[in-house]
Number of protein chains: 4
Amino acid sequence: MTAEEGEGRAGVGRIEAFSDGVIAIIITIMVLELHAPISERMEQLWGLWPVFVAYVLSYAYVAIYWVNHHRLFAHATRVSNGLLWSNMLLLFTLSLIPFSTSYLGEHHFARGATILYLLTLLLPSVSYAWVQRIVRCSGRQSEAARAYHRQSLRKGLLSTGVYLLGIPLALVTPWLGIACAAGVAMMWILPTGPIDRLFDASA
Amino acid sequence: MTAEEGEGRAGVGRIEAFSDGVIAIIITIMVLELHAPISERMEQLWGLWPVFVAYVLSYAYVAIYWVNHHRLFAHATRVSNGLLWSNMLLLFTLSLIPFSTSYLGEHHFARGATILYLLTLLLPSVSYAWVQRIVRCSGRQSEAARAYHRQSLRKGLLSTGVYLLGIPLALVTPWLGIACAAGVAMMWILPTGPIDRLFDASA
Amino acid sequence: MTAEEGEGRAGVGRIEAFSDGVIAIIITIMVLELHAPISERMEQLWGLWPVFVAYVLSYAYVAIYWVNHHRLFAHATRVSNGLLWSNMLLLFTLSLIPFSTSYLGEHHFARGATILYLLTLLLPSVSYAWVQRIVRCSGRQSEAARAYHRQSLRKGLLSTGVYLLGIPLALVTPWLGIACAAGVAMMWILPTGPIDRLFDASA
Amino acid sequence: MTAEEGEGRAGVGRIEAFSDGVIAIIITIMVLELHAPISERMEQLWGLWPVFVAYVLSYAYVAIYWVNHHRLFAHATRVSNGLLWSNMLLLFTLSLIPFSTSYLGEHHFARGATILYLLTLLLPSVSYAWVQRIVRCSGRQSEAARAYHRQSLRKGLLSTGVYLLGIPLALVTPWLGIACAAGVAMMWILPTGPIDRLFDASA
């Protein structure tokens, strides 16, 4: 009775609510890293730009995960032990983003910090694939749902690949790594770009 | 399939829940800036007044946004990519308010801090207009809904205008800028003031 | 159209959800004041007792407000401007509790800190009465609901009175003030004590 | 009317929502202990390992409580005073975990810190048993529900016993205490291990 209890959509709703809470906190506590400078001089304020840019980038990532989570769970039909724990792992990996964001911002996009940041982006992309696999296999999915899963699986694989590529590129120069991360974000936010059409064509 | 999936009201409910979470955190973390003074002397406590006044003002703002968001989303009929991302942008701009509030309070309503504060109030007022436009155009709206949109669009434009006016006024003296911000807050909180009647008459 | 839009129970649900979020954050951030001491000596840990006791007391208060809020809103039938803003004021007054709790704990229940604490307990008790009045007058209430309102109004008045009494008593010795606050908490938590029966008899 | 008001599932939903909020915050604020080191040297980052391991362990615990809470409340049929307050006590005991986690991590799994940590794990395990008792006795439970309660009560008792055993073992060497805590976590996360089958057989 512990596993696979099949509470149906009501149980799914509570997983969504808990995930919403955790993601809302993750996305919001990152702004606490923007400490108001003591001195009133403008230079002090400008000096916060790396922390601010890191916040914008991470806000975009966590927002993308929420949007994808929202869409994915609309297709979840029942609660299983696997769904509960893969989702918990996803939330755990997302919870590391505020740490690496703060490290990235405070070290002004240095090489080591950029690689650490790309690694913390890699982790949720891998665990998200696990959650997705469980939802996909947990019940009869409509044709539209299957098409959605196919496309977002490909986009997910592409993202993971770009992060992996970003790590050696960050060794050359950190900004190439950041560009990889920013490129993935753009791919997910822009609704029907050329990449989506590419996937639709090949699907 | 990525964009415009049309999940109907259920999907809207989860956007509301996530926004509630983020806004609840934004409104509450601002109070963390009220650090309990180490010394027990009363002057130390009185010295917190600028931080406290800044908190009251920002609490009122974020509360107004929540109330308006609550009303606006009651009219949202379906989830679209545009709604998801415009709402994410709105939450992002709101998440900057704790930073500028803390800066305003710690610098005792100085000129630069007041202008920064007015700028961070401008950003959500612009992004809110975008969310509103998407809700308004996303489905058949009742006559009552259209009247609501018309009126709150006008109030929104007026607010944006008063913030913009507040920036040069803050250069003269910061308190004029703060008065502009406080005036906008009063306009939204007082339920059916003369301004509303003015809008009703001209509608 | 701005005020009194009458969305019915669905709108009430979102106010509940937002209030839940804010109260959940208020109750949880107070534990952040329990800083782990650097030194590993046991005395350091024992030295945290005033912060811990203040946390326990404030946790009980905020929990009582949540329980009462939960019960009160079960009787709310529609959303009005008054309900939205009186609830926002209640949440604002509750949000000051973490500050005065931390002040109380860090100053080891000193006289000034105790009076400040009793004052921050007074504020939500007054604003709660306002929310209650709005719910009570906002629609036809069942006989059971009216009896509930009557009883909790009396208990609320009694609480406010005890807090007011606690302030001069705290001038004599702070622990008398704390005893007043703790007494009110006990009255609310213990389910059907003699005080409740007293109210039932006099109702 | 104060106690046992019997609002049915709607009232239970709001307790779930509030508990979700509190647990989401507890699980997320622990990551704030992972302060980004100032220096960019790798050793500084490696030096964070005890804080990170303590975070992973506590994340697993709080996640287990959420999963169990989610399952238990699916069987709750009505809101009673006892359910409200036993749940509040559970959330209180869980709220102490971030403190003892931070103490454990900062003192590098020292003897005293490990015993304090095991004690804070004991508290929620006891208060969870109280919540469970109230749900179990609060209405007619299906045969499946009764089997679930029986099994999770036994697992709960076993957990409490292992924590109690861990305290003297931690006096020998802290890692034995941590092993006890980790063992309990594994027992709950792994879905149908030999322990579950053992319980099923003896049930």
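**How the chains meet**

Author: In this predicted model, A:Arg14 and D:Glu16 form a salt bridge, with the closest N and O atoms 3.7 Å apart.

Reader: How many salt bridges does the rule find across the interface of chain A and chain D?

Author: A salt bridge requires a side-chain nitrogen of Lys or Arg within 4 Å of a carboxyl oxygen of Asp or Glu. The pair D:Glu16 and A:Arg14 is at 3.7 Å. Across the interface of chain A and chain D, the count is two.

Reader: Which element gives the largest share of the side of chain A that touches chain D?

Author: Helices H1, H4 (81-95), H5 (97-106) and H6 (111-137) of chain A each supply at least two residues of that side. The largest share is ten residues, and it comes from H1(A).

Reader: How many residues of the side of chain A that touches chain D are nonpolar, polar and charged?

Author: On chain A, 34 residues are in contact with 40 residues of chain D. By class, the side of chain A that touches chain D has five charged, eight polar and 21 nonpolar residues.

Reader: What area do chain A and chain B bury between them?

Author: Here 40 residues of chain A are in contact with 34 residues of chain B. Carbon and sulfur atoms give 69% of the area buried between chain A and chain B, and that area is about 3200 Å².

Reader: Which residue of chain B forms a salt bridge with A:Asp20?

Author: Between chain A and chain B there are two salt bridges. In the one made by A:Asp20, the closest N and O atoms are 2.7 Å apart, and the partner is B:Arg14.

Reader: Which element gives the largest share of the side of chain A that touches chain B?

Author: Three helices of chain A give two or more residues to this side: H1 (9-29), H3 (49-73) and H7 (143-172). The largest share is 13 residues, from H3(A).

Methods:
Residues are numbered from 1 along each chain as its sequence is written. Chains are lettered from A and ligands numbered from 1 in the order in which they are written. This is a predicted model: local features need pLDDT of at least 70, side-chain atom pairs count only at pLDDT 80 or more; totals for chains, interfaces and linings use all residues. Side-chain values use heavy atoms; hydrogens and water are left out. Contact means heavy atoms within 4.5 Å. Buried area is the accessible area (1.4 Å probe) that two parts lose on being put together, summed over both. Helices (H or I, at least four residues) and strands (E, at least two) are DSSP runs, numbered from the N terminus. Ala, Val, Leu, Ile, Met, Phe, Trp, Tyr, Cys and Pro count as nonpolar, Asp, Glu, Lys and Arg as charged, and the others, Gly among them, as polar.
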